[in-house]
Amino acid sequence: MKTSRDRASIANQPTMISFQSHASKTIRSCSKYSEDGRSLLYTYRKFITPSALLEIWNGILEEVSATEGNPELVNISEFMYLWMSEFWTQDFNQTEQETIQKTIVKLPNAKSFKFLLLKLASDRNRACKIYHSEEQRVAINRERTIRSKSFAFGYGRDEGDVGRNLQQAKGNLSSRNLLVPSPSSGCVPQTTNSDPTMSRSRSSSRANVDELFGKRERSATISDVTALNNFSKWTPVELANAITFQFSNKFLALSPLDFLKKIGWGTKKEDTPAFSAMVNCFNKTSRWVITEVMHQTDKESQVGVITKMIAIAKRLENMQNYDATLAVLCGLSHYSVQNLKEAWAALPERAKEEYSAIEKLLSPINNFRGYTAKVATGINGAAVPYVGIILRDLTFLMENKAVNSEGQINLELIRGIANRLFIIRSCQTEVYTLVVPEILMSFLDSVVVMSDDEKLHKLFCERNTVRKKFWSFNTLRKMVGSSSSSTTL
């Protein structure tokens, strides 16, 4: 007779099943809302190759097609639609793509596949939508509004005009005009250009950072010796938009496969170029913050730069660019910046409050409870999540065994990994629309930052006017380790 402890132990055991059975069952039952279908596509590479999974799909398709009116044919078609929308270029070579295109014509949702192929072609080089000035953004949007009205029904003066406008509108049909279901419905992601701070009142979001730092005139408290040319000229809004432009484009280049390679799922652990670019962008931003503060020789200039950096971080948080927000926070939390006691004491009260709020939000205490709680309420519009916490969760999940001694797979583990990867995909469904001055578009790539910790420590000793005696750099390094190096990992 089993005790309650035995029953609890059995209940906590992971669900195990052979991969072939799991793949076949998932393909046959896949739907637009199938979580198992997406989980299979994200994790199958540990067990078989893309070509092998395609053979399984073709075998099931031949078997089901032999039976007329078999409802499973729709499910098999939905699985291929999902597969193509996620990994069309990564999983299929040119020959396989040509074969698939000939096959999908015979499937129930053939028209949907045609639209999907158009969308995949247009989304190949997705990036932020950029305007170099607010005037340019207004002018282009006005032109689009006028142009869209010319295609509206009833715009012509007579029925002939209406018919001609309708035919012209049909002739201009492209993937950008298609309404594609969002990933929440289990289909291909929707590409929209959206910035949550632009969709809300732009003046109100700008007022927040202006309250924190002030308008351009007040930036005179910053000296001309800065890492970024004319740093005092640019407002926190402009700098935050420029940072978001670079972070977002690097984030959009990330694929679930980059994370799987990083944690060694199905392959040896390795960094991919896209992942390395994301990490380097984080580190460069953090170092840039430190460099700008330490370039200032007097207290008033230090206060001005720190306050401006806090305003930038607040703007980044409002834009849901949490990865960049943490990068700026790491720079401000560096010991060389934190030990400028007089400067921090002289900060405006509003700046102190905003810094404390951001620090609380992104605190690692209790597994980033503040950040997790905020994200759990929902992300609306374009966003860049904190990549490090997703990678950490995946690393912890990898401690579980994916396959037992009998060759059966752990379904709970597969679903857990897929859920984390879906966070990445869901945040990539929409892109930012930003106003970024042309000169700032790639400033993080060109700005020179202080990367030598020993030289930075010497500069800190020169800048600090409160303490006259300091630990040597080597002693400090032994005490705090390598905490001065910021990274998303």
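Predicted model: local features only at pLDDT ≥ 70, side-chain atom pairs only at ≥ 80, totals over all residues.
**Confidence along the chain**
- Mean pLDDT for the chain comes to 78, with 74% of its residues at 70 or more.
- Among the elements, helix 16 (residues 322–332) has the highest mean pLDDT, 96, while strand 3 (residues 192–193) has the lowest, 38.

**The core**
- The largest nonpolar core holds 123 residues, and Trp83, Phe259 and Trp288 have the most contacts inside it.
- Helix 14 (residues 273–294) gives the most to this core: 11 residues.
- Setting aside neighbours within four places in sequence, Trp288 is in contact with several residues, including Ala227, Ile243, Met309 and Phe443.

**Aromatic rings**
- The whole structure has 15 aromatic pairs.
- One of them joins Phe231 and Trp288 edge-to-face, 5.9 Å centre to centre with 75 degrees between the planes.
- That pair links distant parts of the chain, 57 residues apart: Phe231 is in the loop between helix 11 (202–213) and helix 12 (236–252), and Trp288 is in helix 14.
- Phe231 counts as buried because its relative accessible area is 0%, and Trp288 is buried too, with a relative accessible area of 0%.
- Tyr44, Phe79, Trp83, Trp88 and Phe92 make up one aromatic cluster.

**Charges over rings**
- Lys46 has its charged end over the ring of Trp265, 5.0 Å from the ring's centre.
- Arg425 lies over the face of Phe87, 6.0 Å from the ring centre.

Definitions and conventions: Residues numbered from 1 in each chain as written. Heavy atoms only, no water. pLDDT = per-residue confidence, 0-100. Helix = DSSP H or I, 4+ residues; strand = E, 2+ residues; numbered from the N terminus. Core = buried A, V, L, I, M, F, W, Y, C linked by side-chain atoms within 4.5 Å. Buried < 20%, exposed > 50% of the residue type's maximum accessible area, 1.4 Å probe, protein only. Contact = heavy atoms within 4.5 Å. Phe/Tyr/Trp six-rings, centres within 6.5 Å; stacked < 30°, edge-to-face > 60°. Lys NZ or Arg CZ within 6 Å of the ring centre and 35° of its normal.
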